[in-house]
Amino acid sequence: MGESEEFKRRVDAYLLRLAERESALLLKVSAELAPLCEQLRGSLAQGKRLRAAFLYWGWRAAGQPDCDGIIRAAAAMELVHAAACTHDDIIDDSRVRHGVPTAHAAFADRAGGCGPERGRPAALAMMLGDLLMGYAGQVFATCGLPGAFIARTVPLWSALLRETVAGQFLEVLRTGDGVPQVAKSLQVAQYKTAKYTVERPLHLGATLGGASERLLQAFTEYGLPLGEAFQLRDDLLGTFGDPSLTGKPNLDDLRDGKPTALMALTLALVSEDDRRSLTKTVGRPDLDEVDAAHVRELMKTSGACRKVEDMITARLTQAHQALETVPLPRATYTALRDLATTSANRPL
């Protein structure tokens, strides 16, 4: 088993123990909380543990050794991610993630989608997301690393939450609000994804480890372009990805009219007639596979897909170059370079 697989196994094992322990405590309150426990376990059972990995390697970049405390601290990032995904699925009314029903969809299925339970699944899922975010703070604060190390990360936690909410809020405000613009789409990508996926986890790990300001700056120069590349790839996957591989539908972004950079570029590059056609089609809740095929074709023939691929390549190059600007332990350099490549180049 390679180092990355072993790291993931350790994070997975910790999150499983946490879910079982917390489920037992919830069931002591009432057996009626069993559906909450089921969704709690499900929300922590899947994932690439990407954000945990960035926090871990931020710590190692500061010259610190592997230990159980940093594994627990890294696991806290997965709890933040699980909370964000739960809330995001409610906002987008996404029904599937990782190939299984999302929390609010599962609660709705349990209720049968009728009667007085019909309006409550989103509220129940919202509370699950809140619980997960609460666990994140608890796990990080009690990870076992020295209290002085934990204390110096408090401003970063505030920044992470502020930035993530800001990006999500802007996306909601801008969805359906006129013609999407590339610059605004990238701003959302930076705050909703780039910072909380790459930059801030790296900063948290490095700050725990007592890193220099120069290392933190290098991680910004690495993390922001890589995080944007990650979101740009996600935009392509959201429209062109195979649901059996991505675990998510490939119609949701088009039905929601998400103001992605891919859509902004497409609208800017197509003819006026095609622009009018796209405006009438994208954002319709009843958009079907035939409509989607038409949109995908325009994205390809207009050159928008190629431009997004070029943007991903340029940002990946920036991230790789940033790693060359500071001295890093060989294992850390290799891990961060590999993480960048795999994050930006997930196959369609």
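Start in the largest nonpolar core of this predicted model. The core has 96 residues. Select Phe54, Leu55, Leu79, Phe140, Leu208, Tyr222 and Leu336, which touch the most other members. In soluble globular proteins, nonpolar side chains tend to be buried together.

Now pick Phe140. Which residues is Phe140 in contact with, leaving aside its neighbours within four places in sequence? Show Leu55, Ala73, Ala76, Ile150, Thr153, Trp157, Leu204 and Leu208.

Next, select helix α10, residues 213-240. Draw a line from its first C-alpha to its last: helix α10 reaches 40 Å. That is close to the 40 Å expected for its 28 residues at 1.5 Å a residue. Is α10 largely enclosed or open? Of its 28 residues, 23 are buried, so α10 is largely enclosed by the rest of the structure.

Select Val165, Phe169 and Leu173. Together they make a nonpolar surface patch of about 320 Å². Colour helix α8, residues 154-174, to see where Phe169 lies. Phe169 counts as exposed because its relative accessibility is 54%, and the cut-off for exposed is over 50%.

Last stop: Asp310. Find it in helix α16, residues 304-323. Asp310 has 41% relative accessibility, so it counts as partly exposed.

Terms used:
Residues numbered from 1 in each chain as written. Predicted model: local features only at pLDDT ≥ 70, side-chain atom pairs only at ≥ 80, totals over all residues. Heavy atoms only, no water. Patch = residues over 30% accessible without salt bridge, like charges linked within 9 Å, V, L, I, M, F, W, Y side chains within 5 Å. Areas by Shrake-Rupley, 256 points an atom, 1.4 Å probe, with all protein chains shown as cover. Salt bridge = Lys/Arg side-chain N within 4 Å of Asp/Glu carboxyl O. Helix = DSSP H or I, 4+ residues; strand = E, 2+ residues; numbered from the N terminus. Buried < 20%, exposed > 50% of the residue type's maximum accessible area, 1.4 Å probe, protein only. Core = buried A, V, L, I, M, F, W, Y, C linked by side-chain atoms within 4.5 Å. Contact = heavy atoms within 4.5 Å. Expected span 1.5 Å × (residues − 1).
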